[in-house]
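Subject: Structure handover

Hello,

Please look it over before you set anything up.

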Amino acid sequence: MEFSQTINWIYTMLDLGFDEESIRKLCDYCEFSNFIPQGFGQQVSNLVGAIVKARSQKLTPEEVMLSMYGAADAVGTKTNPEDLTKLIMHVLKKNRTGEP
């Protein structure tokens, strides 16, 4: 699962009423059932806390993704410029049209 899908999935689960602990338990079971790779659930759990905080500040999933690109850039990690351009264009279009 790419990071944008992971972030969107976490936002969806939180929107559905899941809390951090229930998402962690779901990830644990998914690992146990080999739906997701071993260790992936821990990474998702680490991200959930940050997303809960981001949501409390009214940040969108796209804004969280942009901040992750910013963090990657700050430490010199190479990212795919096409993915970043698509994300920026999506955010601009969404802001312009008022999409949810």
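Which side chain meets that of aspartate 28 in a salt bridge? The partner is arginine 24, at 2.6 Å from N to O. Please keep in mind that this is a predicted model.

Salt bridges

Aspartate 28 and arginine 24 are 4 residues apart in helix α2, which puts about one helical turn between them. Arginine 24 also forms a salt bridge with glutamate 21, at 2.3 Å from N to O; these two are 3 residues apart in the helix.

The whole structure holds 4 salt bridges. One of them joins aspartate 15 to arginine 55, with 2.5 Å between the closest N and O atoms. Aspartate 15 is in helix α1 and arginine 55 in helix α3, so this pair ties together parts 40 residues apart in sequence. Aspartate 15 is exposed at 56%, whereas arginine 55 is partly exposed at 28%.

The largest pocket has about 250 Å³ of space. Helices α1, α4 and α5 each give two or more residues to its lining, and α5 supplies the largest share, 4 residues. By type, the lining comprises 4 nonpolar, 3 polar and 4 charged residues. Among them are Phe3, Met65, Asp83 and His90.

Surface patch

Tyr29, Phe32 and Phe35 make up a nonpolar surface patch with about 450 Å² of accessible area together. Phenylalanine 32 belongs to helix α2 and is exposed, at 68% relative accessible area.

Regards

Note on methods. Residues numbered from 1 in each chain as written. Predicted model: local features only at pLDDT ≥ 70, side-chain atom pairs only at ≥ 80, totals over all residues. Heavy atoms only, no water. Patch = residues over 30% accessible without salt bridge, like charges linked within 9 Å, V, L, I, M, F, W, Y side chains within 5 Å. Areas by Shrake-Rupley, 256 points an atom, 1.4 Å probe, with all protein chains shown as cover. Buried < 20%, exposed > 50% of the residue type's maximum accessible area, 1.4 Å probe, protein only. 1 Å grid on protein atoms, 1.4 Å probe; cavity = no way out; pocket = protein on both sides within 12 Å on 5 of 7 lines; lining within 4 Å. Points joined across faces, edges and corners; volume = space filled by probe spheres on them. Nonpolar A, V, L, I, M, F, W, Y, C, P; charged D, E, K, R; others polar.
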